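The notes below follow the order in which I checked them.

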Amino acid sequence: MASEITVEEKIVVNPPVIVSEAVVIPAEKGDPGEDFTYEDFTPEQIADLQRPATEAAEAANEAASNANNAAENVSDKIEEANTAISDAKSAAGVAVSAAWNADKAATAANNSATLANEAAEKANQAAESIAYKENGFYISPYYLEATDLRYIGFKDIADDTTCYILTVGRCLKFDLNTYEVFWDVKLQGYGISWHNAAEQLRIIDDIVYIVCANWGDREKGVHLVKLNDTDGSFISDELIPIPIGYGYSSFRGREVLITRDFIVGIDTINKNIIKCNLQDLSTEIISPYIIVLGNRWITTPDGSVVYSLCWGEEKNVIKVLDDSFNLYTITLSFNNTNTDISRNSSTCLYSVDLKNKRINLFNWDKNKYVITLTDDGDNNFSAINIFPRTQFNSDFIPPQCYANNISTPNYSFSNLIIDTENTGIVGYLSNKSKVFKPNINNLMLAANLCGSGFGGKYEIEKINTLLYT
């Protein structure tokens with residue numbers, strides 16, 4: 001609706017000037033003479049005669065000027081009012097347009113949110129539809145979980161995405177890319193109690209080797225269960241005469257070296273490292289031991305990367321046996337003569353590179369070491385006057401530290417990974433107590449493992465270290 005503005009302006013006009021003063025011209029009385037002419041008067045007389053009319057004209061001009069000014073003021077105010085009305089109309093139009101656009105934007109946002117929610121719901125439904133949720137396992141692209149988790153294994157093949165999850169009484173095989181579950185089998189006789197449980201596995205060619213503890217045979221040896229890798233079918237269950245013993249909380253400190261033809265483990269009764277032939281179950285003593293430092297992928301002097309078992313033989317003497325049964329001896333001497341890594345259960349050997357003559361280890365209590373070795377020949381290496389690393393901001397280093405084996409992070413120092421030269425942070429690790437590494441670059445799995453308590457659900461964290469590079 002159009003708007004009207006009425007502007008009132010008072011115009012004050014001065015009253016006309018009335019001349020009441022008589023002009024007296026002295027003259028002699030006589031007969032009337034001729035009429036006066038303009039030339040008969042002096043300039044002063046003329047001015048005096050014109051004064052009333054002049055003053056009246058000036059008053060009229062001033063009034064006219066005031067009227068003009070008032071009219072101009074009215075015109076300006078009308079113009080300002082029209083401008084204000086125009087601006088108001090424009091603002092109102094903008095407001096209406098903005099409100100309309102906002103309504104459209106809100107509608108679009110609501111529609112987008114609805115579509116996003118629908119897409120998320122479909123994604124969740126799709127994930128749920130392909131998720132494997134049987135026998136205590138949850139396998140999906142978004143979440144991995146296993147009840148009573150014991151171990152995670154992989155094939156010794158570069159970039160192979162096959163993954164094996166071992167619980168106290170089951171073994172499952174699936175693909176880390178597609179999350180397809182190939183098989184899920186029950187290990188007969190295991191998982192029924194905390195002291196009868198599967199502990200560790202390794203896949204060699206077409207056979208899955210699983211080490212199991214049996215309480216009744218704890219002083220005789222451990223059991224080795226074999227499964228067909230293709231379909232998980234049962235092959236055999238044999239008692240291996242290596243009395244490893246049983247630790248209900250974990251298998252740490254009791255790890256074994258599994259090969260196709262032999263298995264190497266500790267005799268906890270006689271404190272020896274025993275090698276057992278899987279064909280005839282004959283055994284031989286390799287060396288005494290004080291502490292088992294676990295399985296590791298090591299770099300041999302010729303540059304090969306092989307699977308191994310490491311242990312402390314005596315004070316500050318480390319033995320490394322690879323799966324071709326080459327035995328390496330590393331003798332260490334520390335600046336502090338009281339240091340004895342071989343008798344400290346918190347010692348973690350997490351890198352052995354014999355080609356570059358370097359090992360790395362830490363003691364959970366306080367010290368970390370990056371040690372340069374001397375090659376003494378005949379697979380013997382040594383180092384002297386070793387100081388702890390005072391500034392060592394990481395826990396683990398190269399991929400061989402993890403590949404196809406379990407490692408225990410040390411979180412009392414930090415959660416970072418670096419390279420062998422202690423330079424270049426690779427990324428954030430995990431808050432889980434165990435780390436498992438497939439033979440795939442930039443991928444790790446981390447999890448907590450069950451102890452004597454049964455029925456616990458354990459998340460398996462899939463870590464892409466590229467995200468933290």
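**Salt bridges, pair by pair**

I began with aspartate 156, which counts as partly exposed because its relative accessibility is 31%. The model is predicted. I then looked for the partner of aspartate 156 and found arginine 202, with a salt bridge between the two side chains at 2.7 Å, N to O. Arginine 202 belongs to strand β7 (residues 196-204) and aspartate 156 to the loop between β3 (149-154) and β4 (162-167), so the bridge ties together parts 46 residues apart in sequence. Arginine 202 has a relative accessibility of 5%, under the 20% cut-off, and therefore counts as buried.

Next I looked up lysine 173, which forms a salt bridge with aspartate 229; their closest N and O atoms are 3.3 Å apart. I placed lysine 173 in strand β5 (residues 170-175) and aspartate 229 in the loop between β9 (222-228) and β10 (234-240), so this pair links distant parts of the chain, 56 residues apart. Both residues, lysine 173 and aspartate 229, are buried.

I turned to arginine 260 and noted its salt bridge with aspartate 205, where the closest N and O atoms are 2.7 Å apart. Here two loops are linked: arginine 260 is in the one between β11 (257-258) and β12 (262-267), aspartate 205 in the one between β7 and β8 (207-214), 55 residues apart. Arginine 260, at 34% relative accessibility, counts as partly exposed, and aspartate 205, at 56%, counts as exposed.

I also checked for shared partners: Lys155, Lys173 and Asp229 are joined into one network by such salt bridges. For the whole structure I recorded 9 salt bridges.

Technical notes:
Residues numbered from 1 in each chain as written. Predicted model: local features only at pLDDT ≥ 70, side-chain atom pairs only at ≥ 80, totals over all residues. Heavy atoms only, no water. Salt bridge = Lys/Arg side-chain N within 4 Å of Asp/Glu carboxyl O. Helix = DSSP H or I, 4+ residues; strand = E, 2+ residues; numbered from the N terminus. Buried < 20%, exposed > 50% of the residue type's maximum accessible area, 1.4 Å probe, protein only.
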